[in-house]
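Biologist: I am new to this structure. Please show me how to read its features one at a time.

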Amino acid sequence: MMDRRVPLADPGEPAEFVRDELTRSTADPQTSFLGGSAMLLWAQVASATGLFVAVLFLARGLGPEGRGTMAFISVAALIIGRIARIGVGEAVAILAAQRRSVRPALLADLAVFVVPVTLLVATGVAVGILLMPEPHPAGVGGTELIALVVGATGLALFESCGMFLLGCRRFVARTLTGATAPWLYAGVLAALTAGGTLTVASAAFTWAFAMCIGGLIGLSISIRTAGLGRPDRDLLAQLIRLGARLWVGTLTSFLNLRIDQLLMGFISTEATLGIYAVAVNGAEVLLYFPTAIGEALYPFLAVGNPREQAQQALRAVRLLAVSTTASIALAAVLGPALVPLVFGKPFEASVIPFLWLLPGALGYAATRVFSSALATSSAPGRSSLPPLISLVLGIVLDLLLIPGLGAVGAAIAASAAYIAGGTSALLMHRSQNPFAATELVPRLGEVTVLLPRALAALSRLRSVR
C-alpha cells in the first residue's frame, strides 16, 4: 500500500530526512510509545507538582487578587513566547529527531532565534500595556511588566530546549530539566513567605528569575546532549518554514488552555481571575496524561503504514477514555472538599468552576490524539481545524458568559469548547480513516499495560544520579 501521508519536514528537504531513529526506537522498551508516554507523564507530574506548591504559596500569601495578577503575568508570558516563536519550538523536535547530524547547528539556531525575538515581542507587549488607559489589566504595573519581559524570554528558551531534548529522545533529561524552574520558583517563594516579604512584585521577579535559570539549565543540558555548533542560516530558514506550517495548530491548541485567563485579565477583576485560576490549577491535573500521550504519539504516527498508525491513534483514545473518565469521577467526588482545604477558605468560590471544567478533559484528550493523527496524514493542514474550532467557540462564549457569570462562565465556555474540538477532531479522523463505533470501546488488555510502563519509567528516573 502506498503511504498517503506527507512528510512533516519541508518538501524541499534532502533525502537525509530519514526516520531510522524513530523506527528503531519503537522496538526499545524505554522509548516505545507507551514507555515514552509514561516518561513524559512523570515529566508533567514533576513540573506540575512544583508549580502547584508555588501556587499554594501565592494563593495563601497574596489572596485572590494577588493570585489573579500572577496568573495574568504567567499566562501572558506563555502566550507571548508561543506567538514569538512561530512554531520553531515544535519544529525543532521534529528536525532533531530526523537529522542527528545537524543537531549542534540546530541548537545554535534555536538559541539565536528564540531569545532575541521573544525579548523584542515581550517588550512591545509591555509597552503597549503601559500605554493603555488606567487601570492596567489585573493590577499589572511597570514593575510587574519588567518581570513579564524577562520571564517570557527565559520561559521561551526553557520550553524550546525541552522540545529539543524531546526530539533527541532524551526523556529522562527532559523530565529532570522540566522540573527545575517550577521547583526553584516554589523554593524561593517559600523563603519569601517565611521571611514575610512575599508581595506581588517579589513573586513576579521570583518567577522571572526561575524561568531564566530554567532556560539556562535546559540549554546547558541540550549542549551536553548534542553539542553546540555554529548557527546555520539555511537550516534556520528550514526551521522557520517548518515551524510556520505547524504554528496555527500548535498555537491554537495552547491558546485553548490559556486564552480565557488572559481575557479575564481585561474584562474582569483580579479576584475573579484568581478564583478561576485556582479552579484551572486543580482541573489541569486531568490533562497531564492526555498531554503526555499526545507528545509521545506524534513521532510514532509520522512513520509506518497509515492503517497501522490509524489503529495506534484509536488505541491511544481508548486508553485515554478509561483513564480520563475515572479521573473525572474521582475529581468530582474529592474536589469540592479539597479545593478550599488546600488553597484556603477564600477560594471556596473556585469549587463550582472546578466542577464545570471537568467534562472538558474528555474533549481535550480526543483533540490531542486525533489532531496528532491528522497532522501526520495526507492532509496535515486539517489538524489545525479542531483546536481552531475550540478557540473561536471558547472566545465567543467567554465574551458572552464571563461578564454575567464570572469564573463559572469561563469554566462553562472552556468545557464546551474542548468538547466541540474533540468531537470535530474525531469526525475528521473518521472521515479520513473510517472505523466502526465499537473501535472506541476500551479494551482491558490495553489499559492494564500502562501501569508497568509507568513504574518502569519511574524506576529509571530514580536510578539517575
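Modeller: Start with contact, which means heavy atoms within 4.5 Å. Ala-105 touches Gly-229, Arg-230, Asp-232 and Leu-235, leaving out residues up to four places away in sequence. This is a predicted model, where local features need pLDDT of at least 70 and side-chain atom pairs count only at pLDDT 80 or more, while totals for chains, interfaces and linings use all residues. Residues are numbered from 1 along each chain as its sequence is written, and side-chain values use heavy atoms, with hydrogens and water left out.

Biologist: How many residues apart in sequence are Ala-105 and Arg-230?

Modeller: They are 125 residues apart in sequence, yet 5.4 Å apart in space, C-alpha to C-alpha. Over the chain, 85% of the contacts between residues at least 6 apart in sequence join residues at least 24 apart.

Biologist: Is Ala-105 buried or exposed?

Modeller: Buried means under 20% relative accessible area, exposed over 50%, and partly exposed in between (1.4 Å probe, protein chains only). Ala-105 has a relative accessible area of 16%, so Ala-105 is buried. Of the 465 residues in the chain, 56% are buried.

Biologist: Which helix holds Ala-105?

Modeller: Helices (H or I, at least four residues) and strands (E, at least two) are DSSP runs, numbered from the N terminus. Ala-105 lies in helix H4, residues 103-131. The chain has 17 helices and zero strands.

Biologist: Which residues touch the most other members of the largest nonpolar core?

Modeller: In soluble globular proteins, nonpolar side chains tend to be buried together. A nonpolar core is a set of buried Ala, Val, Leu, Ile, Met, Phe, Trp, Tyr and Cys residues joined through side-chain atoms within 4.5 Å. Here the largest core has 73 residues, and Met-70, Tyr-185, Leu-189, Trp-207, Tyr-276 and Leu-357 touch the most other members. Helix H2 (residues 33-84) gives the most to this core, 15 residues. Beyond its neighbours within four places in sequence, Trp-207 contacts residues including Met-70, Ile-73, Leu-148 and Tyr-185. A second, separate core of 29 residues includes Val-92, Leu-95, Leu-106 and Phe-164.

Biologist: How many disulfides does the structure hold?

Modeller: A disulfide is a pair of cysteine sulfur atoms within 2.5 Å. The structure holds zero. Cys-168 is buried, at 2% relative accessibility, whereas Cys-212 is partly exposed, at 25%.

Biologist: Is Leu-400 buried or exposed?

Modeller: Leu-400 has a relative accessible area of 62%, so Leu-400 counts as exposed. Leu-400 is found in helix H14, residues 385-405.
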